[in-house]
Amino acid sequence: MSITIIKAGLFTTVQDAGRKGFQHLGINPSGAMDALAMQIANVLIQNKSDEAVIEFFYPAPTIHFNTAAFIALSGADFGATINDIPVPTNHPIFVPENAVLSFTKKISGHIAYLAIQGGLELNEWMNSYSTNTRAGAGGIEGRILIKGDQLYLKAAATQENKESPLQVLPWMADTKGLYQTQSLRYLPGNEFGLLNMVSQQFMTNAQFTLNADSDRMGYRLKGPELKCKKTIELISSGVTNGTIQLLPNGQCIVLLADHQTTGGYPRIGHIIQSDIPTLVQQSPGSTIRLIPVNMETAEKINNRHSQYLQQLKNACTLQLNAYHRH
Amino acid sequence: MLKKTIPHIYALGDQAITIEWSTTISKEVNNQVMHSFQFLRLNPIEGITDMIPAYSSLTLIYNPSIIRKQAMGGSPFEWLKQKLARLAEAPTEITEKTEPLIVPVCYDLSLAPDLIEATQLTGCTIEEIIALHTNEIYTVYMLGFIPGFAYMASVNKKIQMPRKANPRKSVAAGSVGIAGEQTGIYPLDAPGGWQLIGQTPLKIFDITEEEPCLFKPGNRVKFEAISLEQFHQFNAA
């Protein structure tokens, strides 16, 4: 009842919804970069939506299934194959024993998720399975997965699944309404007013390029040098997922899952939570457009997304129940 | 009782809110931060998933779906802002002083790569730096940067020094540093720019412990000088 990592991939980790409740100790939350894709992969196979999943970038890992399993892939499309047969993202899939899951090319998106029904058998650290590579804790020994790692599954595939050949179930989670195709929206931050007029003007309809040195801590935006009216020494205070910090060189970084808990750079804005999945799925070199919105709009979008996600969860459950009855 | 300060409450995006009492560092302001932090730990608001107390502010991370229910479908931010305004303006009781945590520090030059430079920066002798650093009782104003890193203040004016112009790529875990009026200990091997004047044999961050961080916000801390021999004995024990 396990899977084995045959090839590690670039940065493959175990993640869940993140480590909550310890930021006052400087323990950063970690968790899935694209929390939406993590939830969708889970609900497709009737896991708890925050069950631990495997998160990976391209080059992606190659994974051997030592047992039959029920899985789903979501987030980026890396041209998945099982025993060399192409399989889609956002569908539930029965995987036979001794199958090999591998990925052939980067088709769309930047970060992919693999959920396995029942979840992974791991030790929690501070109430979460998320890997915190800085602390060296969570996931598998607090590190990225390497060749030869064996991950045990909490539950065996049911008897009928065991007999099943490779099978892609015919329904998919339609995630289109949850990812943004146009400009990403941000709420101006407490220090937005420190920007000079030219920089403020730029931020009304900003265009950046995503830098190559972007990682789980943050995505760096390359753009014109933004300037403040005057230099102000700020006292360190809280920052969060999506915070756009202005660095001393005039460039911006958007803080993401592995961000520090506090910072002293001007917080010129915050990407709205609903648009973070879209941001993290961009690859270095992509154009990132930002437009400001107010709190009312941000909360409206957030509410709509929550409802959409709930409907998606219900639909997946209904489909799977109907399939089992059939 | 301290006088009321009307705090500035602002959104940190659409899932976090910050109460800021001041834009300066002071013991009084930090007392208000700690008071609200402790109050919310004892009287939690459903839907608040994390709290980040800092020098002069307290940030709360929240789940808007849960807060929206309490707000009867209204704006989660506006609901929280109102609730927190009442809390934040409450007068602060001066908290009872607890015994300080004693932290052994070895100031031997082999463990203190910036101690010689510190004598040049401050005009103090090594002995004076050690005496001034161990004489003070510090307060943990906040944690941040990396897991378990405690920002402590205030360092005696005579031994305050700026950060290094070129931060080190790696500072050993346990290293004790000074940056301006702050002092702190690196819990993990990490890049860092503080002036390193000693090292503690204590584990500041230990993932095998149920409480992995030695320091908590609001702790009082006193350093005690130990010899190189004691430092190594500590590790051997």
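This is a predicted model: local features need pLDDT of at least 70, side-chain atom pairs count only at pLDDT 80 or more; totals for chains, interfaces and linings use all residues.
Chain A is divided into two domains, domain 1 spanning residues 2–174 and domain 2 spanning residues 184–293. The C-alpha centres of domain 1 of chain A and domain 2 of chain A are separated by 29 Å. Where the domains meet, domain 1 of chain A contributes 22 residues to the contact and domain 2 of chain A contributes 15 residues.

Between domain 1 of chain A and domain 2 of chain A, 10 residue pairs are in polar contact, with both residues of each pair at pLDDT 80 or more. One salt bridge is found across the interface of the two domains. A:Glu55 and A:Arg216 form a salt bridge in which the closest N and O atoms lie 2.8 Å apart; A:Glu55 falls within the bounds of domain 1 and A:Arg216 within those of domain 2.

Turning to the side of domain 1 of chain A that touches domain 2 of chain A, strand S5 (69–77) and strand S10 (108–116) of chain A each supply at least two of its residues. S10(A) provides the largest share of that side, namely four residues. Classified by residue type, the side of domain 1 of chain A that touches domain 2 of chain A comprises 10 nonpolar, nine polar and three charged residues.

Terms used: Residues are numbered from 1 along each chain as its sequence is written. Chains are lettered from A and ligands numbered from 1 in the order in which they are written. Side-chain values use heavy atoms; hydrogens and water are left out. Domain bounds come from an automatic or database domain assignment. Contact means heavy atoms within 4.5 Å. A salt bridge is a side-chain nitrogen of Lys or Arg within 4 Å of a carboxyl oxygen of Asp or Glu. A polar contact is a pair of N or O atoms within 3.5 Å; within protein, one must be able to donate a hydrogen and the other to accept it, and residues adjacent in sequence count only if both atoms are side-chain atoms. Ala, Val, Leu, Ile, Met, Phe, Trp, Tyr, Cys and Pro count as nonpolar, Asp, Glu, Lys and Arg as charged, and the others, Gly among them, as polar.
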